Amino acid sequence: MGGRCETRRLDLACPGVRPLSPIPRRTGTLIHRALGVLAVLAAACGAGNPPGPAAAAPRAPHAASAPKPGGTTRAAPPVIGALTADRVKLAWEAAVGGFGKAVAIDGTLGRVAAASGSLVKLYELASGRPAGSLTTCPDVIRGGLGFASRSLVVVCESGIQRFDPVKLTRLSAPRANPSRITAASLSGHRLALGHHDGVVRIYALDGAPALEIAVPGPPIDVKSLALDPAGKRVAVAWVQGSIWWWELAKPDAPHPLVRHESEADSVAFSDDGALFAEEGEPLQTTVWSFAGATPAERTKLKNGEWVKRLLFTRDGKWLIRGGADGLELAELGGPRRVALDTTGQVEDAALDERGAALAAIDRRGRLTAWRVR
């Protein structure tokens, strides 16, 4: 072993190593009892403390980070409203060309549609890449585009058309009255049209019979109109300055709201139908409350020379306005304004179904898309 001492046995003679003396029986008993007491104390102390790292049970993955079937899912984009108005930024822009007339946006299908003359162009909402074009009836009217039931509705002066916005194929559409169409508003499966004969006709895209509402007075063009998204009311602005509203359940009972010296180019209801906006007074947008038994004026907001499109954000706390000054957000309960685009005069604007994406088209045929950043 090369001079090393073997120490496996204590009775082996080895220089410098002495055998241990045997422990007396009484002393061993006392030591054994002491060790038992210490073990009991250690167990009692350990019961009130969390286990160490080695004893910790494995943690289950957090619900938000747990893998989902088919891979990860992207979070829904923030909605445009009171909490995000100052973070709405330009996502992309495209040159449609011509004189922009109408725009529509659908987040589920991921499409933006823009009309210029008789041509409707489609773009991918996420990227702005072209996604096809449609040759439609001539003279698409302002605000005459809208998405409903995974279809694109196109309203021209001469009638209604529907298309599949992905396959670009023609679909069946309600047959409109032959009187020239002057205004349109789409909400859900209902399409309200103002006709040159002074009658507002509400068509059902599901095939139900049309509802007719005769506007008081001689036959005259309907300048603009709006359907209540809650499905209860319709409001109409005539070229001579009168604004009327009806309960859809009582089409023969008109309610006058206000009479202006000038016409109102745009009217709009909030999502819950509790608020109504119109810009018939020069340089002013007036917001009315429909929460009580009779409508009451709630607030006035200054605007530019003219406004072509009014939209409420989904929370009902801001207005989107497109017009002579471009595109902006205006706070209802305060003085804040967010100027989104001042490079062109906006003819139409639209929100997607969630209110998370905004699109606008100006008179130079420039299409822009906006979202919260």
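Student: How much space lies in the largest cavity?
Tutor: Start with the general idea. Rolling a probe the size of a water molecule over the atoms shows where empty space is left. In this predicted model, the largest cavity holds about 30 Å³. The count is 1 cavity of 30 Å³ or more.

Student: Which residues line the largest cavity?
Tutor: The lining consists of D341, V346, A360, I361, D362, R366 and T368. Two elements, β27 (357–362) and β28 (366–372), each give two or more residues to this lining. The largest share, 3 residues, comes from β27.

Student: What is the make-up of that lining by class?
Tutor: It has 3 nonpolar, 1 polar and 3 charged residues.

Student: Now a strand. Which way do the residues of β8 point?
Tutor: In a regular strand the side chains alternate between the two faces of the sheet. Take β8, residues 159–163. G159, Q161 and F163 point one way, and I160 and R162 point the other way.

Student: How many residues of β8 are buried?
Tutor: Buried means under 20% relative accessible area. By that cut-off, 5 of the 5 residues in β8 are buried.

Student: Which strands are joined to β8 by bridges?
Tutor: Strand β7 (residues 151–156) runs antiparallel to β8, with 5 bridges between them. L152 is opposite F163 in that pairing.

Student: Next, a sheet. In what order do β14, β15, β16 and β17 lie?
Tutor: The 4 strands form an open sheet in the order β14-β15-β16-β17, with antiparallel pairing. The edge positions go to β14 (222–227) and β17 (255–259); each has a single partner strand, so one side of each is left without a neighbour in the sheet. From one strand to the next, the twist averages 20 degrees.

Student: How many bridges pair β16 with β17?
Tutor: Strand β16 (residues 242–247) pairs with β17 over 4 bridges, in the antiparallel sense. For a landmark, find I243, which stands opposite V258 in β17.

Technical notes
Residues numbered from 1 in each chain as written. Predicted model: local features only at pLDDT ≥ 70, side-chain atom pairs only at ≥ 80, totals over all residues. Heavy atoms only, no water. 1 Å grid on protein atoms, 1.4 Å probe; cavity = no way out; pocket = protein on both sides within 12 Å on 5 of 7 lines; lining within 4 Å. Points joined across faces, edges and corners; volume = space filled by probe spheres on them. Nonpolar A, V, L, I, M, F, W, Y, C, P; charged D, E, K, R; others polar. Buried < 20%, exposed > 50% of the residue type's maximum accessible area, 1.4 Å probe, protein only. Pairing = 2+ DSSP bridges. Axes fitted to C-alpha atoms, helices over the stretch in contact; angles between N-to-C directions.
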